[in-house]
Amino acid sequence: MIHYYNEDSEFVPSKKTYLTDWIKSVIADEQRKVGEINFIFCSDAHLITINRQYLEHDDYTDIITFDYCENKKVIGDIFISIDRITENA
């Protein structure tokens, strides 16, 4: 299952069904299976807290991923800073 969450952000991806289908297609093309995949859209403040806590970095970043894959099943958490993505664009 692919899930989309917000943490300290109001961003909601448009065309979630299309996006989900595309992600599933890419995973299938790589001969993998879809597991629990969570996209968490958040603010810079939230993401830097995760960066400090888990990676011991004190830098702003756009994306942090946590890979929990097992065998050929794609499982993970993907934290995306909407603030950073907007600024970088």
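Read along the sequence, the protein chain follows the pattern β-α-β-α-β-β-α. The model is predicted. Its secondary structure comes to 3 helices and 4 strands. The C-alpha trace of the protein chain spans about 35 × 30 × 20 Å along its principal axes. The chain has 89 residues, and 35% of them count as buried. Contacts across the sequence were also counted. Among contacts with a separation of 6 or more, 58% join residues 24 or more positions apart.

The strands were examined next. The 4 strands form an open sheet in the order S1-S2-S4-S3. Pairing within this sheet is mixed. Strand S1 (2–7) and S3 are the edge strands, and each pairs on one side only. On average, neighbouring strands of the sheet are turned by 15° against each other, with direction ignored. S3 and S4 pair over 5 bridges. The sense of this pairing is antiparallel.

Two helices were placed relative to the strands. H1 packs on the sheet and touches S1, S2 and S4. The direction of H1 makes about 125° with that of S1. Helix H2 covers residues 44–55. H2 lies across S1, S2, S3 and S4. Relative to S3, helix H2 runs at about 45°.

Pockets were then considered. The largest pocket has a volume of about 230 Å³. Its lining consists of 13 residues. Nearest the centre of this pocket lie Ile27, Ile37, Phe39, Val74 and Ile78. Four elements each supply at least two residues of the lining: helix H1 (16–29), strand S2 (33–42), strand S3 (63–67) and strand S4 (73–81). S4 gives the most, with 5 residues. By class, the lining of the largest pocket has 9 nonpolar residues, alongside 2 polar and 2 charged ones.

Strand S4 pairs with S3 in the antiparallel sense, and S4 gives the most residues to the pocket lining.

Note on methods
Residues are numbered from 1 along each chain as its sequence is written. This is a predicted model: local features need pLDDT of at least 70, side-chain atom pairs count only at pLDDT 80 or more; totals for chains, interfaces and linings use all residues. Side-chain values use heavy atoms; hydrogens and water are left out. On a 1 Å grid over the protein atoms alone, a cavity is a set of points where a 1.4 Å probe fits but cannot get out, and a pocket is an open set with protein on both sides within 12 Å along at least five of seven lines; lining residues have an atom within 4 Å of a point. Grid points are joined across faces, edges and corners, and a volume is the space filled by probe spheres set on the points. Ala, Val, Leu, Ile, Met, Phe, Trp, Tyr, Cys and Pro count as nonpolar, Asp, Glu, Lys and Arg as charged, and the others, Gly among them, as polar. Two strands pair if DSSP finds at least two bridges between them. Axes are lines fitted to C-alpha atoms, for helices over the stretch in contact, and angles run from 0 to 180 degrees between N-to-C directions. Contact means heavy atoms within 4.5 Å. Buried means under 20% relative accessible area, exposed over 50%, partly exposed in between (1.4 Å probe, protein chains only).
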